[in-house]
Amino acid sequence: MEADPHPAVVLHACLGVGHLTPMVELAKLFLRRGIPVIIAVPTPPASTADIFASSAPAVASLAAANPTISFHHLPAPDYPNPDPDPYLQMVDTIRLTVPSLLAFLRTLPSVAALVLDTFCVDALDAADALGVPAYIYFTSSAAYLAAFLHLPHYLATTDGGDFKDMGKSLLRFPGVPPIPASDMPQIVQDRASRTCAVRMGQYGRKPEARGLLINTYERLEARAVTALRDGVCLPGRPTPPVYCIGPLIVKGESAPQAQGACLSWLDAQPERSVVFLCFGSLGAMSAAQLKEIACGLENSGHRFMWVVRSPPEDPAKYFLPRPEPDLDALLPDGFLDRTAARGMVVKMWAPQVEVLRHAATGAFVTHCGWNSVLEAASAGVPMLCWPQYAEQRANKVFVVDEMKLGVVMEGYDEELVKAEEVEKKVRLVMESDEGEKLRGRLALAKEKAAEAPADGGPSRTAFAEFLKDLKLQK
């Protein structure tokens, strides 16, 4: 095959559906402008088979659904003694993949730019070796980026102890609301840990990039974006240009047979009457928690669609594949029969984007993964925030305290969220004046989400500015 005469943009992906999906959406932006794009995907070593068990099917599914996008699988690195910590396994795998990435880049006729997932900062060395510009693609919120760019400075200039010992004491970072220490991610709770040191090293390198692409839109996170652009998040260091290019979300392209039952059921429900519960691809609820949710939903009297996954055998290994749930064993006796007229329980997966955009959906109980937050804001659906892991607790703070687009499901940080709390918050959002105010703010968020990537919108303009920086604007 004759080589494409145009220089390609290479996207270096992280393994994980929550990162791969927005990377694919970014690839589509380039393709729509006639710019060749290749997604370079790491191949996990055999020694990390557990943590990356779902990555190969996820990549295969995305590649099959997007045949116009070129995926290049980088060979698995040698990693004979993986770190026992899952986060460090991932970071080590990506770091050890850099030589293969560099070798691949050298086989290409020309490379216009290297765009790196937020976890792939070690590949800045590959870009430097080739003399090509490198950009970071941040797939979480601008607020989270603002807080974590500032965090190395915060840790270096304070002696307040570890976050794990500070309870709900409030941490203050530029551009974001105060964050309770207990809502910071687990990997930075102990400042002396290797996970914290590695994470801070990653954020310390982000300013080396030529620019920062963020999957958000300015009207959703105006204060955080302003803080980033004003340079206050990085005392003593210049901040690279910031390009808000979102919301980049899946456009509802799942197969009709996968959508069918869920959307047909929603078609028969009144407008804004259904509470949708879905906790992401790795959502992990104990059997006891599933029963509390069921009781709360039943007692609320509201219609619901609930995606249920089997509880993990080991809560610390929520990332491992799980079998289909046995609903009769997991849910209270008679629950499915008693709620059959107003509820739908779905095993494992539902077409989330389509469900959120459906007129019957009136509220979203969510784990606060950033993709889910963007999807809910873009659909105009209020959020009941129930964070679980990674940056989700911090996202909860931003959604509730800054954006004011959701409410907190109290008890998320305790052993169980009680059935009474589930019922209370469902009723609050679906029945109260506060719920109506939420819907009003969501209507504006939805309007601005649609305007941002449209012709003349701020996200479309930001992406054009990024292409001009690369001299690729067409």
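Visitor: Is Val422 buried or exposed?
Guide: In this predicted model, Val422 has a relative accessible area of 1%. The cut-off for a buried residue is under 20%. Val422 therefore counts as buried.

Visitor: Which residues is Val422 in contact with, leaving aside its neighbours within four places in sequence?
Guide: Val422 lies in helix α15, residues 419–431. Once neighbours within four places in sequence are set aside, the residues in contact with Val422 are Ile293, Gly296, Leu297, Trp386, Met409 and Val417.

Visitor: How far apart in space are Val422 and Ile94, C-alpha to C-alpha?
Guide: In sequence, 328 residues separate Val422 and Ile94. In space, their C-alpha to C-alpha separation is 40 Å.

Visitor: Which domain is made of 8–250 + 453–470?
Guide: The protein is divided into two parts, domain 1 and domain 2. Residues 256–451 make up domain 2. The stretches 8–250 + 453–470 belong to domain 1.

Visitor: What is the area buried between domain 1 and domain 2?
Guide: The C-alpha centres of the two domains lie 27 Å apart. Contact involves 35 residues of domain 1 and 32 residues of domain 2. Carbon and sulfur atoms give 61% of the area buried between domain 1 and domain 2, which is about 2700 Å².

Visitor: In domain 1, which residues lose the most area to domain 2?
Guide: Three residues of domain 1 together account for 22% of what that side buries. They are Asp183, Leu220 and Ile249.

Visitor: How many salt bridges are counted between domain 1 and domain 2?
Guide: The rule finds eleven residue pairs in polar contact across the interface of domain 1 and domain 2. As for salt bridges between domain 1 and domain 2, the count is three.

Visitor: Which residue forms a salt bridge with Lys168?
Guide: Side chains of opposite charge can pair when their charged atoms come close. For Lys168 and its partner, the closest N and O atoms are 2.7 Å apart, and a salt bridge needs them within 4 Å. The partner of Lys168 is Asp413.

Visitor: Which residue forms a salt bridge with Lys28?
Guide: The closest N and O atoms of this pair are 2.9 Å apart. The partner of Lys28 is Glu25.

Visitor: How many residues apart in sequence are the parts that Arg194 and Asp83 tie together?
Guide: Arg194 and Asp83 form a salt bridge, with the closest N and O atoms 2.9 Å apart. Arg194 lies in helix α6 and Asp83 in the loop between β3 and α3, so the parts tied together by the pair have a sequence separation of 111 residues.

Visitor: Is Asp83 buried or exposed?
Guide: Asp83 is linked with Asp92, Arg95 and Arg194 in a network of salt bridges. Arg194 has a relative accessible area of 42% and is partly exposed. Asp83 has a relative accessible area of 19%, while the cut-off is under 20%, so Asp83 is buried.

Visitor: Which residue forms a salt bridge with Asp190?
Guide: The closest N and O atoms of the pair are 3.5 Å apart. Asp190 counts as partly exposed at 25% relative accessibility, and the partner of Asp190 is Lys164.

Visitor: Why is helix α14 largely enclosed by the rest of the structure?
Guide: Helix α14 spans residues 392–403. Its buried residues include Phe398, Val399 and Val400. Among the elements covering the buried residues of α14 are α5, α13 and β15. Helix α14 is largely enclosed because, of its twelve residues, the number buried is nine.

Visitor: Which strand is Phe138 found in?
Guide: Phe138 is buried, with a relative accessible area of 3%. Not counting residues up to four places away in sequence, Phe138 touches residues including Thr118, Tyr144 and Leu213. The strand that holds Phe138 covers residues 134–138 and is β5.

Technical notes: Residues numbered from 1 in each chain as written. Predicted model: local features only at pLDDT ≥ 70, side-chain atom pairs only at ≥ 80, totals over all residues. Heavy atoms only, no water. Buried < 20%, exposed > 50% of the residue type's maximum accessible area, 1.4 Å probe, protein only. Helix = DSSP H or I, 4+ residues; strand = E, 2+ residues; numbered from the N terminus. Contact = heavy atoms within 4.5 Å. Domains from an automatic or database assignment. Buried area = accessible area lost by both parts, 1.4 Å probe. Salt bridge = Lys/Arg side-chain N within 4 Å of Asp/Glu carboxyl O. Polar contact = N/O pair within 3.5 Å; in protein donor to acceptor, adjacent residues only side chain to side chain.
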